[in-house]
Amino acid sequence: MADLDDIKDGKDFGLDQPARNEPFFLKGAGAFDWGMQNRLSRIFNPDTGRTVMLAFDHGYFQGPTTGLERIDIGIRELIPYADVLMCTRGALRTMVPSSTRKPVVLRASAGQSIYTELSNELVAVDIEDAIRLDAAAMAAQVYIGAKFEHKSIKNVIQLIDTGTRYGIPTLAVTGVGKDMVRDARYFGLATRIAAEIGSHYVKSYYVESGFERIVAGCPVPIVIAGGKKLPEPEALEMAYKAVDQGAAGVDMGRNIFQSDSPVAMIQAVSKVVHELMKPEDAYQMYQDLKTDLGD
């Protein structure tokens, strides 16, 4: 308790300065509670408004895919260069050092494998466990147009409702139904639905035609999925085009951990995302770092 003796009245109330009420920097998040905004500002860099999420949650339905055979070896060296880690709670507890200071977006959906219908998911993480793991956000797939579309939307709504109770944002990840075309019309629909049901940000795919309209039509931030492995110049160009057209960053996995030099690649991607480095310059940076690293 403060000493009651020698109490001095306040004198400097800054009467010549209006009260500070800074707007929150992130699209669509201005009315969120302090805890929600604080977690989002751990995911998105307040200086740039963008993020480089390192996705290595693939094993929850793919198993030990190439590059993720040993997360404790391959991913560990990438952690210092990522803004955010996107993973399952099993990988987090068993293969990610608990001394890691990076925010975690927790994969919270599961229930299927590559051998079954991908859209048939369920919520696989209880909110109390997400809190125990200090999750900065929770993520689940939403499969618009797929067989279990309704169920996937319900899963995301469940995360939104329970997460909001404790100030934890929800990331809706747009999965593509087998019969859907990956175009601006589809992703415009999927991202808008995800935002309308209350998702705090959305993960989608970059498309060459109409991506700016997708971003404009979605009232919350969009981060793009890296998707399948591309040659490094193409992956860097995709990242550049996406952020240049309004994306709030990338959630990239295979195009980093399956690269010939993952450590060099994640640094090049970060330069593109946060500094809008031209793709050709970023690729040269990648090659220089790759040489320096001896990869």
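Guide: Let us begin with contact, which means heavy atoms within 4.5 Å. The model here is predicted, so local features need pLDDT of at least 70 and side-chain atom pairs count only at pLDDT 80 or more, while totals for chains, interfaces and linings use all residues. Residues are numbered from 1 along each chain as its sequence is written, and side-chain values use heavy atoms, with hydrogens and water left out.

Visitor: With which residues is Gly163 in contact, leaving aside its neighbours within four places in sequence?

Guide: Ile127, Met138 and Ile168 are the contacts of Gly163 once those neighbours are set aside. Helices (H or I, at least four residues) and strands (E, at least two) are DSSP runs, numbered from the N terminus. Gly163 belongs to helix H6, residues 149-165.

Visitor: Does Gly163 count as buried or exposed?

Guide: Buried means under 20% relative accessible area, exposed over 50%, and partly exposed in between, with a 1.4 Å probe and protein chains only. Gly163 has 0% relative accessibility and therefore counts as buried.

Visitor: How should I read a nonpolar core?

Guide: In soluble globular proteins, nonpolar side chains tend to be buried together. A nonpolar core is a set of buried Ala, Val, Leu, Ile, Met, Phe, Trp, Tyr and Cys residues joined through side-chain atoms within 4.5 Å. The largest such core here has 75 residues, and the members that touch the most others are Leu54, Phe56, Ile75 and Phe211. Helix H11 supplies the largest share of this core, with eight residues. Another core, of 19 residues, lies apart from it and includes Leu26, Val105, Ala136 and Leu171.

Visitor: What does Phe211 touch, not counting residues up to four places away in sequence?

Guide: Phe211 touches Tyr205, Tyr206, Ile224, Ala242, Gln245 and Ala247 on that count.

Visitor: Where is the place of Leu26?

Guide: Leu26 sits in the segment before helix H1 (34-43). Its relative accessible area is 6%, so Leu26 is buried. Beyond its neighbours within four places in sequence, Leu26 is in contact with Leu40, Phe44, Gly49 and Pro221. From Asn120, 94 residues apart along the chain, Leu26 is separated by 32 Å between C-alpha atoms.

Visitor: How does one describe a pair of packed helices?

Guide: Axes are lines fitted to C-alpha atoms, for helices over the stretch in contact, and angles run from 0 to 180 degrees between N-to-C directions. Angles under 35 degrees count as roughly parallel, over 145 as roughly antiparallel, 65 to 115 as roughly perpendicular and the rest as oblique. The axes of H11 (residues 262-275) and H12 (residues 279-293) come within 8 Å and cross at roughly 150°. H11 is therefore roughly antiparallel to H12.

Visitor: Which residues of H11 and H12 make the contact?

Guide: H11 contributes Val263, Ala264, Met265, Gln267, Ala268, Lys271 and Val272, while H12 contributes Ala282, Met285, Tyr286, Leu289, Lys290 and Leu293. For composition, Ala, Val, Leu, Ile, Met, Phe, Trp, Tyr, Cys and Pro count as nonpolar, Asp, Glu, Lys and Arg as charged, and the others, Gly among them, as polar. In the contact of H11 with H12, ten residues are nonpolar, one is polar and two are charged.

Visitor: At roughly what angle do the axes of H9 and H12 cross?

Guide: The axes of H9 (residues 232-244) and H12 cross at roughly 135° and come within 9 Å. H9 is thus oblique to H12. Glu232, Pro233, Leu236, Glu237 and Tyr240 of H9 meet Pro279, Ala282, Tyr283 and Tyr286 of H12. These divide into seven nonpolar, no polar and two charged residues.

Visitor: How do the axes of H9 and H11 cross?

Guide: They come within 9 Å and cross at roughly 25°. H9 and H11 are therefore roughly parallel to each other. Glu232, Ala235, Leu236, Ala239, Tyr240 and Val243 of H9 make the contact with Met265, Ala268, Val269, Val272 and Val273 of H11.

Visitor: Where is Leu276 found?

Guide: Leu276 lies in the loop between H11 and H12. Its phi is near 50°, a positive value in a residue other than glycine. With 31% relative accessibility, Leu276 counts as partly exposed.
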